[in-house]
Structure formats: structure tokens, C-alpha cells
Amino acid sequence: MAPAGSSRGGVAMRRGRQISRWRALVALVVGLIGCSGVDLAAGAELKPGVWTWGVGFGFLKDTPDGTALALNANVEALVLPGLSVGPLMQLGFTGDSAQFGLSGQVKYWIDIPGTEKRLKVTPQAGIGFVHNSHRDGDTSFLIPIGAGADYALSDKLSVTGTLLINFTDLDTGKKSGADVMPGFTIGVRF
């Protein structure tokens, strides 16, 4: 018979391995983006045919295991003046779970007058899927809708803030329909 505390140690080791896998995935994605050889956007010039990418850190509320530390990464291609499309990866970590979301996003870039095209407001929406490892794990649709602000510090670097409202059907223990997970991140765009 195993000692009373041994099952908790095994659970903690499995959770540690899950978090390590998530960190490795994030490092891989960021590394692939950085090494892709894509002509990245100048911070203030967003023209069709330009690619840009960014990362942000913050929080994600109301996951199946409560509020999570969040990491978002995105890659976008400008397809029309002021309109971009691309994937958004959202990761969330709590003490007992990891969450992975992937969606295709459409983002509209609105220049704020009087800022020399440095400040932009960026409403966005997308659709995809999300998986959370809490309890037995659960996978659901993901509909992230939100807006952000993007301020160009230089031609190659912008500071961003993004508020997303994520609609899902993850099992959060609530008795009613779809779950709403608001999240906020602050980051950079290259």
C-alpha cells in the first residue's frame, strides 16, 4: 500500500510535466515565428502583404479552474488596408490546469487622429477551439471577441493591450450554457 502523500506527489509531477510541455510548445511557436524569414511589419506601417506578430501576458478569468495566468501569441497578414487575418494562440495556466486555445482571427486597424498613425484601435473576432486539462479535461468551441490598443514605439516595435471575451462551452461547473472567459493581456508586436 502506498503512503498517504504519494498520490499527491504523482499528481504534482504530472501537472509539472503538463506545464513543461506547454512552455516547450510556446517556445517552439515563438522560435518558429522568429525564424520563419517572413518580412515582418514596420511598427507604424501596416500595408497589404505585410506580416506582423506579437505576444502578450496577462490573465484569463473564469476558466474551469478559476483565474489563469495567460500568454497569447498571434501572427497576422495584412490582406487589405487596415484589415488583417491570422491565428491567435491563447494559453492559460493555473495551479491545477493548463488551457490551450487556437482561433482564426480577423482584426481591423483604426488609426487614431492626431497620433501620426502611431496609435491604433484594433477590434477583432474569431472562431476556433479550446482545451482545458482540469479534472478529466474538456474541449469546446472558442469564439474570442474583443478590442485592443496598439502604440508604435518605433518602426519595428509596438506596445499592445488587448481585452478579449472568450465564449466557450467548457465545463466550468456552472449550471447554465456557454461559459464566458474575459481576458486581458499587455504585450509587444513586431
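A: Start with a cut-off: a residue is buried when its relative accessible area is under 20%, exposed when that area is over 50%, and partly exposed in between. Keep in mind that this is a predicted model.

Now the charged pairs. The whole structure holds three salt bridges.

Take Lys 120 and Asp 111. They form a salt bridge, and their closest N and O atoms are 2.8 Å apart. Asp 111 has a relative accessible area of 36%, so Asp 111 is partly exposed. Lys 120 has a relative accessible area of 4%, so Lys 120 is buried.

Next comes Glu 76 with Lys 107. In this salt bridge the closest N and O atoms are 2.8 Å apart. Glu 76 belongs to strand 2 (residues 66-80) and Lys 107 to strand 4, so the bridge ties together parts that are 31 residues apart in sequence. Glu 76 is buried, because its relative accessibility is 5%. Lys 107 is buried too, at 10%.

The remaining bridge joins Asp 150 and Arg 189. Here the closest N and O atoms are 2.7 Å apart. This pair links distant parts of the chain: Asp 150 is in strand 8 (residues 138-152), Arg 189 is in strand 10, and 39 residues separate them. Asp 150 has a relative accessibility of 2%, so Asp 150 counts as buried. Arg 189 also counts as buried, at 4%.

Strand 4 comes up again with the aromatic rings. The structure has two aromatic pairs. One of them is Phe 100 with Phe 129, a tilted pair with 5.9 Å from centre to centre and 55° between the planes. Phe 100 lies in strand 4 (residues 98-108) and Phe 129 in strand 7 (residues 124-132), 29 residues apart, so this pair also links distant parts of the chain. Phe 100 is buried, because its relative accessible area is 14%. Phe 129 reaches 37%, so Phe 129 is partly exposed.

Strand 9 (158-168) and strand 10 (179-189) each give two or more residues to the patch. Phe 59 sits in strand 1 (residues 51-63). Its relative accessible area is 36%, so Phe 59 is partly exposed.

Key: Residues numbered from 1 in each chain as written. Predicted model: local features only at pLDDT ≥ 70, side-chain atom pairs only at ≥ 80, totals over all residues. Heavy atoms only, no water. Helix = DSSP H or I, 4+ residues; strand = E, 2+ residues; numbered from the N terminus. Buried < 20%, exposed > 50% of the residue type's maximum accessible area, 1.4 Å probe, protein only. Phe/Tyr/Trp six-rings, centres within 6.5 Å; stacked < 30°, edge-to-face > 60°. Salt bridge = Lys/Arg side-chain N within 4 Å of Asp/Glu carboxyl O.
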